[in-house]
Amino acid sequence: MSDPAFSDSIGAQWQTLARDAIRLSDTKFLQIYALLEQLGDKPGIAGAFDAMRPRLTQLRPPRRPTVSRLFFRPAEDLFDDPGAYTRRLQRISRGTLPTCWKLVRARLDGKLVDGVAQGILKADPRDPRVMAKVAAPLWEAGAHALVVIANEAENNLRFMVDNFGRDDDVLRQVQTLRDVLLLGGIIEDLKQRLPERPIGDLAESHADAIKGVMAQLGGAENPQAAAPVLLVLTARMLRPGVVLKMLTDMRVTGSSQAERDALTRDLSGVVVGNLLRQTGSIAKEPEPGAAGAAPLDPVQKLGALAAVAERLTDGLTSVNDSVAILRDKKIVDRVSAARSEIGEFVLTTVLGDVEKTLAGLMYAANGGVSTPPDEMKRAEATALALRRSAKLANHLGIQREVNAKILEIRREIDRQMDRMMSAPGARGNPEVRRQMFNNLRLMEILAGSDEAERLYREWSRRLG
């Protein structure tokens, strides 16, 4: 019989190894990952993978299929690390998964599990359709096991506390997992007919595939039957409102209209809540780079943060029509709160540093010295980050702040050029002319080609 203390000690060592690995090169990091992959479900391995996950998300190495990993595959888009998990968003904390699998595994027929394990070995792990066929009986049996587990937790306090603690939120997570696994085959099949996540634009064939699944599961008469599929689908999309609009466009009559509105309301709340969660977590951890990787420099960071803001705003804007149709004050208020949060995120993380970054790259170039080419590229990337934020300003209600920042930067560039052109010998100095064209490129990014052309004529006249 194994010693629990010994197992805990070994598990702690694996987790220490994983934390140390994130500081290594990509090659060595992946070697450590491959070693841990071979250990399967041994104690401490789940915690080791938690420590490595941010870097794994960036590198995306191929993962060795296991029975437990295949079991959770249909719901993987709903998983959050424990530190980022937010209650009541129909999502699942990764911290819940090891206990869920332990309890499910104990209730599954051994022959079924062995059959799935053999099927994994025989199948091509790169073929998701084949893997879904192998896992189908596992998902069905596991979903029914989760029902038994949830019932026992509700009726047996000791069982609940021993396995999940006293927080009944875990029962909501188990219910979400069960609902998704019951439709695991349908969900995995739909994933293969749609673009890889994150899904941007949907072609007509993609929309038809989604509508076909909705009709298959309940159609207009019973839209709630498709709720687990839509929950996973919205989690995979950059603009989840596209799916909500499909739902609101369904032609229904009678009591099913109220069911459709209820489902749209629930999904809208989940979508908006997730946007708020993502904004809050990014604002707290403003480094978009993966854990253990080299930190991003200020210019890279500005570009990454601007891209994040663009994605969140795009997602929020996509739900506007569906929310307007519902006329639900609570949802409208949540959308307004999300818009304010994202706007504040842009003001504090993008606009907060952009002027200082540009100053370090550009404004020191006076006395007839032009900005070096490499620094100029970084300055252009900084201006582009600000331009991306300006495009979001109207949606986020921060037009005044963004316009003021752009105007302030434009004035500083103008003052810089005035100092350089007023210096002795400026007319014949090629560095001054080179800096003029540098600044014109920035002005074109920030203010458009017409303003850049006007400044070109003015500055050229002064330089002769």
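## Close-up views of a predicted model

**View 1. Gln90 sits in the loop that runs between strands S1 and S2.** The model shown is predicted, and local features are taken at pLDDT of at least 70, side-chain atom pairs only at pLDDT 80 or more, while totals for chains, interfaces and linings use all residues. Residues are numbered from 1 along each chain as its sequence is written, and side-chain values use heavy atoms, with hydrogens and water left out. Strands (DSSP runs of E, at least two residues) and helices (DSSP runs of H or I, at least four) are numbered from the N terminus. Gln90 has a phi near 55°, a positive value in a residue other than glycine, and with 35% relative accessibility it counts as partly exposed; on this scale, buried means under 20% relative accessible area, exposed over 50%, and partly exposed in between, with a 1.4 Å probe and protein chains only. Arg88 is found in the loop between strand S1 (79-80) and strand S2 (92-93); its phi, near 60°, is likewise positive in a residue other than glycine, and Arg88 is exposed, at a relative accessible area of 61%.

View 2. Thr176 counts as buried, its relative accessibility being 10%.

**View 3. Helices H7 (residues 128-155) and H8 (residues 157-164) pack at an angle of about 115°, with their axes 5 Å apart.** Axes are lines fitted to C-alpha atoms, for helices over the stretch in contact, and angles run from 0 to 180 degrees between N-to-C directions. H7 and H8 are therefore roughly perpendicular to each other, given that angles of 65 to 115 degrees carry that label, those under 35 count as roughly parallel, those over 145 as roughly antiparallel, and the rest as oblique. On the H7 side the contact is made by Ile149, Glu152, Ala153 and Asn155, and on the H8 side by Leu157, Phe159, Met160 and Phe164.

**View 4. Helix H10 (residues 184-193) has Gly184, Ile187, Glu188, Leu190 and Lys191 as its buried residues.** These residues cover an arc of only 160° around the axis, which puts them on the same side of H10; the arc is that of the directions from the helix axis to the C-beta atoms. The cover over the buried residues of H10 includes H7, helix H9 (169-182), helix H11 (204-217) and helix H12 (227-236). In the loop between H10 and H11 lies Pro198, which is joined to Arg197 by a cis peptide bond with omega of about -5°.

**View 5. Thr264 is located in helix H14 (residues 255-284).** Thr264 is buried, with a relative accessible area of 0%. Not counting residues up to four places away in sequence, Thr264 touches Leu244, Leu247, Thr248, Ser322 and Leu326.

**View 6. Gly119 belongs to helix H6 (residues 110-122).** Gly119 is buried, with a relative accessible area of 17%. Although Gly119 and Val67 are 52 residues apart in sequence, they are 9.7 Å apart in space, C-alpha to C-alpha.

Terms used:
Contact means heavy atoms within 4.5 Å.
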